[in-house]
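Please look through the sequence and the model below before reading on. The report that follows takes a few parts of it in turn.

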Amino acid sequence: MDLKIVILGPPGSGKGTQTERLCAELGFTKISTGDLLREAVRTGTPLGVKAKGFMDAGKLVPNELVMDLIKEKLKSVKGPVILDGFPRNLEQAEMLDKITKIDMAIDLEVNEDKLVKRLTLRRTCKDCNSVFHLEFNPPKVAGKCDKCGGELFQRSDDIERTVRERLRVYKESTLPLTNYYTKKGILKMIEGEGDIGAIYQRIVKAIKTK
Ligand code: AP5
Ligand code: MG
Ligand code: ZN
């Protein structure tokens, strides 16, 4: 069966890190609204122009902009899919249920005090979106992506003030989704602290026992 999984969790909880590995090792296709929006901003598309201000302020981009992206992507992918960073609020979750069936929601749990440090020292590959951390997961060569050799950069929303706003928005808008998926009986809570590989094994176990 081609699973459709959503991955929830606060900013910095490891959604991108874990999704990358699930795609590489278990054949999932990633749909990350954050990556797609950043690409749109970088290339200056009409969507990117509209989204940039919201992203730099740590706010959610308006639902209608994101829904169009998701609909288009879901149509074009085949096989098992992971949605990273989508849905982000109740309205998005309800809209998603109208266009496809979600089999599982993974919630990565990490204490808030850890998240700020994870994000302010994160570096992201401009070519393949792989993520690194200067202290916890450093690239082998400084400033270069291990996977593709691309240049690493610091996301414009990874400064402390914006990180704190993203955390506030998460609690207000996205955290209620854990309830939404619990009621549907498809939520899996995963301890998101500790070794990256150990967290990955917990997720794989949860998927395999699905
Ligand atoms: P998005 O790109 O989705 O960002 P986010 O949710 O804030 O999450 P992050 O990407 O910051 O964190 P992550 O959980 O992926 O962690 P990572 O694996 O990188 O969204 C950005 C913006 O786009 C939003 O603010 C909004 O404006 C807009 N947007 C996106 N989707 C939207 C939607 N659906 N609707 C409306 N607006 C939307 O890890 C973080 C760091 O920690 C890395 O450095 C990593 O190396 C390190 N790390 C990972 N795991 C561990 C570990 N176990 N121990 C130590 N360090 C670790
Ligand atoms: Mg991410
Ligand atoms: Zn790369």
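## Strand β1 and its partners

Strand β1 pairs with strand β4 (residues 104–109) in the parallel sense, over four bridges; two strands are said to pair if DSSP finds at least two bridges between them, and strands (E, at least two residues) and helices (H or I, at least four residues) are DSSP runs numbered from the N terminus. Within this pairing, Ala105 of β4 is the bridge partner of Val6. β1 also pairs with strand β3 (residues 81–84), again in the parallel sense and over four bridges, and here Ile82 in β3 stands opposite Ile5.

This is a predicted model, in which local features need pLDDT of at least 70 and side-chain atom pairs count only at pLDDT 80 or more, while totals for chains, interfaces and linings use all residues. Residues are numbered from 1 along each chain as its sequence is written, chains are lettered from A and ligands numbered from 1 in the order in which they are written, and side-chain values use heavy atoms, with hydrogens and water left out.

## How enclosed is β1?

Because four of the five residues of strand β1 (residues 4–8) are buried, the strand is largely enclosed by the rest of the structure; buried means under 20% relative accessible area, exposed means over 50%, and partly exposed lies in between (1.4 Å probe, protein chains only). Ile7, which is found in strand β1, is buried, with a relative accessible area of 2%. The C-alpha atoms of Ile7 and Ala40 are separated by 22 Å, and these two residues are 33 residues apart along the chain.

## An open antiparallel sheet

Three strands form an open sheet in the order β6-β5-β7, with antiparallel pairing. β6 (131–133) and β7 (152–153) stand at the edges, each with a single partner strand, and so one side of each is left without a neighbour in the sheet. Strand β5 (residues 122–125) pairs with β6 over three bridges in the antiparallel sense, and Arg123 stands opposite Phe132 in β6.

## A negative surface patch

Glu64, Asp68, Glu72, Glu91 and Glu94 form a negative surface patch. Patches are made of residues with over 30% relative accessible area and no salt bridge, with like charges joined within 9 Å; a salt bridge is a side-chain nitrogen of Lys or Arg within 4 Å of a carboxyl oxygen of Asp or Glu.

Helices α4 (63–76) and α5 (90–99) each supply at least two residues of this patch, and α4 gives the most, with three residues. Glu94 lies in helix α5 and is partly exposed, with a relative accessible area of 41%.

Technical notes:
Patch = residues over 30% accessible without salt bridge, like charges linked within 9 Å, V, L, I, M, F, W, Y side chains within 5 Å. Areas by Shrake-Rupley, 256 points an atom, 1.4 Å probe, with all protein chains shown as cover. Lys, Arg positive; Asp, Glu negative; His and termini not counted. Charge placed at Lys NZ, Arg CZ, Asp CG, Glu CD.
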